[in-house]
Structure formats: C-alpha cells, structure tokens
Amino acid sequence: MSKITSFFTLLTLVTLYGCAPSNLMRTWSTTDEYDKKFTKIMVMGLVNDVTFRSDVEAEVVAAARNINLQANKGINMFPPELGKPFEDVERVKSRLRDNGFDGVLTVALIDIKEERYIEPELNYEPLIYYDRFRNYYYRTYDLVYRPGYFSINSQYFIETNFYELKGGKLVWSGRSQVLQAAEVDTYLPIYGKALFKELKLEGIISE
C-alpha cells in the first residue's frame with residue numbers, strides 16, 4: 001500500500017536554492033486513513049553526535065515553524081544522557097500527548113554501505129520494521145550509535161520518517177540524495193524546507 005513520488009523537482013531546486021543535486025529524494029506514503037491535521041510535532045535526530053543532532057533538529061524545527069506548524073527539538077525532552085528513552089513506549093507516547101504532540105518526525109543519517117540503501121533506479125519502500133515508531137527507533141539507534149559509525153570520508157543519505165502519534169504508525173518516509181559527510185551541514189537547510197513542501201504537496205499534513 002504505497003505510492004512512489006519524487007521529493008522535489010529539479011526546477012524547484014534551481015529556482016529556490018540555486019543548486020541541483022544529481023539524485024532527488026524518493027518518498028513513500030501510506031494509503032491508510034489518519035488525521036492529517038497535525039498541530040505539534042516532535043523532531044528527533046538519530047545522529048551519533050550531540051552538536052550535529054541538535055543542528056539537525058533545529059533546522060527541521062525551523063522549517064516546520066515556517067509553515068506555521070509547531071515543532072520542538074527532541075533533544076530538549078530526551079537528552080543524550082537518557083540513552084534509549086523508549087523502553088516504555090506507551091509511557092513516552094502519553095507524555096508526548098500530554099504536551100500537545102500528535103506527530104513524531106525522525107531524521108537519521110544512514111551510511112550507504114548499510115543494507116537499507118536502495119539504488120536510485122529501484123523503487124523505494126520502507127522495510128517492514130519501519131512501520132512502528134518503536135521498532136524503527138531501536139533498530140536505527142543501534143545502527144547510528146555504534147562506535148566509529150560516523151566518518152568524514154563516508155557517504156550518507158538522510159532518512160526521514162513521519163509517524164502519527166495516536167497509533168505510532170508510519171505515514172510517510174523519504175530519503176535524500178547521497179551526500180559526503182562534509183556536505184550534510186550545508187544541505188540541511190535545503191532539506192528542511194523541501195521536506196515540508198513535499199509533506200504538504202502530498203497531503204501528508206493539511207492546513
């Protein structure tokens with residue numbers, strides 16, 4: 001149950017940002033019904049570097065606020081010293097709902113050497129364990145927080161999943177072009193703006 005779309009067009013990139021990545025993002029979205037009127041989302045960076053995680057979350061939060069969607073950085077509620085905060089996922093979901101959140105957006109930096117990398121000519125569809133927030137969080141946390149995972153000489157893509165909080169189910173997943181590690185910082189503002197443009201375009205979130 002999915003649809004494959006381009007993330008943003010070459011023309012949009014040239015017009016808005018003055019650059020044209022060679023590999024455009026591909027996305028998947030659910031066909032299941034859910035409430036698309038999100039009012040406040042939690043942005044969680046899955047990056048094994050505190051400063052970089054904070055920067056990733058800040059860029060995505062800023063982009064969300066630019067379309068008048070309330071958003072908060074996950075690092076403020078779930079700082080690194082907590083480790084994996086989702087041992088009791090129902091308790092965490094309750095805490096998020098009590099604070100007015102109705103969506104969770106994860107942003108992970110994935111090495112293209114990992115098995116989840118899919119060549120551009122192939123259709124993109126999330127692996128089965130992406131379906132639930134808890135499953136994805138644990139599998140990805142164990143990957144990106146391995147010692148020595150991040151290397152300036154490696155290539156990565158940015159993987160973003162959007163979960164509705166009520167059921168914790170995945171409603172949208174997307175991935176960026178392949179980047180050198182040194183390029184990620186400069187790409188993040190472009191990524192954040194294009195991300196929410198696409199979420200609105202696909203009807204994942206509504207006014």
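Reader: What does the side chain of Thr30 reach?

Author: The side chain of Thr30 reaches the backbone nitrogen of Asp32, at 3.0 Å. A polar contact is a pair of N or O atoms within 3.5 Å; within protein, one must be able to donate a hydrogen and the other to accept it, and residues adjacent in sequence count only if both atoms are side-chain atoms. This is a predicted model, where local features need pLDDT of at least 70, side-chain atom pairs count only at pLDDT 80 or more, and totals for chains, interfaces and linings use all residues. Residues are numbered from 1 along each chain as its sequence is written, and side-chain values use heavy atoms, without hydrogens and water.

Reader: Why is Thr30 called buried?

Author: Its relative accessibility is 15%. Buried means under 20% relative accessible area (1.4 Å probe, protein chains only), exposed over 50%, partly exposed in between. So Thr30 counts as buried.

Reader: Where is Thr30 found?

Author: Thr30 lies in the loop between S2 and strand S3 (40-46). Strands are DSSP runs of E, at least two residues; helices are runs of H or I, at least four; both are numbered from the N terminus.

Reader: What makes S2 and S7 a pair?

Author: Two strands pair if DSSP finds at least two bridges between them. S2 and strand S7 (residues 169-175) have 4 bridges and run antiparallel. Thr27 has Gly174 as its bridge partner in S7.

Reader: Which way do the residues of S2 point?

Author: Arg26 and Trp28 point one way from S2 (residues 26-29), Thr27 and Ser29 the other. All are buried. In a regular strand, side chains alternate between the two faces of the sheet.
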